[in-house]
Amino acid sequence: MSRVSFHLHCRRIDASRNMARYYVLAIRPTLFGETAVVRSWGRIGRRGSERTDVFATEQEAVAHFLGLARRKYRKGYIPTATAPVMT
């Protein structure tokens, strides 16, 4: 089975509120055959935070990834780069 690795980089900039944020989502395989959703966020130009959620199936990870992406889109984040990569 081939695994697909997804990456999504978004940002939200509002100069009137002094807001310049980024949000990065990625789906990656783990060493134990599970699938992880890795997300990092913070202010553009600064080191931010990171969180990894591990799922037993790729389908669960993709559903979580898409839910997070939808939530960020509704908050005003704009995608700057997406890249599905076959591994």
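Biologist: Which residues does Ser40 touch, not counting residues up to four places away in sequence?

Modeller: Contact means heavy atoms within 4.5 Å. By that rule Ser40 touches Tyr22, Tyr23, Val24, Ser49 and Glu50. This is a predicted model, where local features need pLDDT of at least 70, side-chain atom pairs count only at pLDDT 80 or more, and totals for chains, interfaces and linings use all residues. Residues are numbered from 1 along each chain as its sequence is written, and side-chain values use heavy atoms, with hydrogens and water left out.

Biologist: Where is Ser40 placed?

Modeller: Helices (H or I, at least four residues) and strands (E, at least two) are DSSP runs, numbered from the N terminus. Ser40 lies in strand S4, residues 35–43. The chain's elements run β-β-β-β-β-α-β-β from the N terminus on.

Biologist: Is Ser40 buried or exposed? And Arg46, buried or exposed?

Modeller: Buried means under 20% relative accessible area, exposed over 50%, and partly exposed in between (1.4 Å probe, protein chains only). Ser40 has a relative accessible area of 16%, so Ser40 is buried. Arg46 counts as exposed because its relative accessibility is 60%. You will find Arg46 in the loop between S4 and strand S5 (49–55).

Biologist: How much of the chain is buried?

Modeller: Of its 87 residues, 33% count as buried.
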